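Please read it alongside the sequence and the coordinates.

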Amino acid sequence: MKSYTRAFITRFCIATSTLTFLGLLGIVGFEVYVRWTLNQNFSFLGADGLAGLAILCGAQMLGLVWLSRSE
């Protein structure tokens, strides 16, 4: 693979992983805020949605590490 294509893919993966992680933190923060102030039974993503999103975010980070390994 050409070096500029590999560099683009690496930058794209870092950007999407960062956005996914920031989105996860935003959802967790919003859910904590609503549970603390308004409703103790509030769930933004359902029963296992938040755990699933966290697992997918971790898997995306591991994929980035796998992609970035030296050849």
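At 60% relative accessibility, does Leu56 count as buried or exposed? Leu56 counts as exposed, because its relative accessibility is 60%. The classes are these: buried is under 20% relative accessible area, exposed is over 50%, and partly exposed lies in between, with a 1.4 Å probe and protein chains only. Leu56 sits in helix H2, which covers residues 49–68. From Leu56 to Arg69 the separation is 13 residues in sequence and 20 Å in space, C-alpha to C-alpha.

This is a predicted model, in which local features need pLDDT of at least 70, side-chain atom pairs count only at pLDDT 80 or more, and totals for chains, interfaces and linings use all residues. Residues are numbered from 1 along each chain as its sequence is written, and side-chain values use heavy atoms, with hydrogens and water left out.

**Overall form**

The protein chain has two helices and zero strands. Its radius of gyration is 16 Å, well over the 11 Å that the globule rule gives for 71 residues, so the chain is more spread out than a compact globule. That radius is taken over C-alpha atoms, and the rule is 2.2 Å times the number of residues to the power 0.38. Along the principal axes, the C-alpha atoms fill a box of roughly 55 × 15 × 15 Å. Helices (H or I, at least four residues) and strands (E, at least two) are DSSP runs, numbered from the N terminus.

Of the 71 residues, 8% count as buried. The chain exposes about 5600 Å², and carbon and sulfur atoms supply 71% of that area. Areas come from the Shrake-Rupley method with a 1.4 Å probe; for residues, only the protein chains shown count as cover. Among contacts with a separation of 6 or more, 58% join residues 24 or more positions apart. Contact means heavy atoms within 4.5 Å.

**Side-chain pairs**

A search of the whole structure finds one salt bridge. Arg35 forms it with Glu31, the closest N and O atoms being 3.4 Å apart. The criterion is a side-chain nitrogen of Lys or Arg within 4 Å of a carboxyl oxygen of Asp or Glu. Both Arg35 and Glu31 lie in helix H1, four residues apart, about one turn of the helix.

Phe8 and Phe12 are stacked, at 6.3 Å centre to centre and 20 degrees between the planes. Rings of Phe, Tyr and Trp (its six-membered ring) pair if their centres lie within 6.5 Å; planes under 30 degrees apart count as stacked, over 60 as edge-to-face and the rest as tilted. Phe8 and Phe12 also both lie in helix H1, four residues apart.

The table gives the accessibility of the paired residues.

| Residue | Relative accessible area | Class |
|---|---|---|
| Arg35 | 33% | partly exposed |
| Glu31 | 8% | buried |
| Phe8 | 53% | exposed |
| Phe12 | 48% | partly exposed |

**Surface patch and a buried serine**

Phe21, Leu22, Leu25 and Met61 form a nonpolar surface patch, with about 350 Å² of accessible area together. Patches are made of residues with over 30% relative accessible area and no salt bridge; like charges are joined within 9 Å, nonpolar side chains (Val, Leu, Ile, Met, Phe, Trp, Tyr) within 5 Å. Helix H1 (residues 3–37) gives the largest share, three residues. Leu22 lies in helix H1.

Ser17 is found in helix H1. Ser17 counts as buried because its relative accessibility is 2%. Leaving aside residues up to four places away in sequence, Ser17 touches Gln60, Met61 and Leu64.
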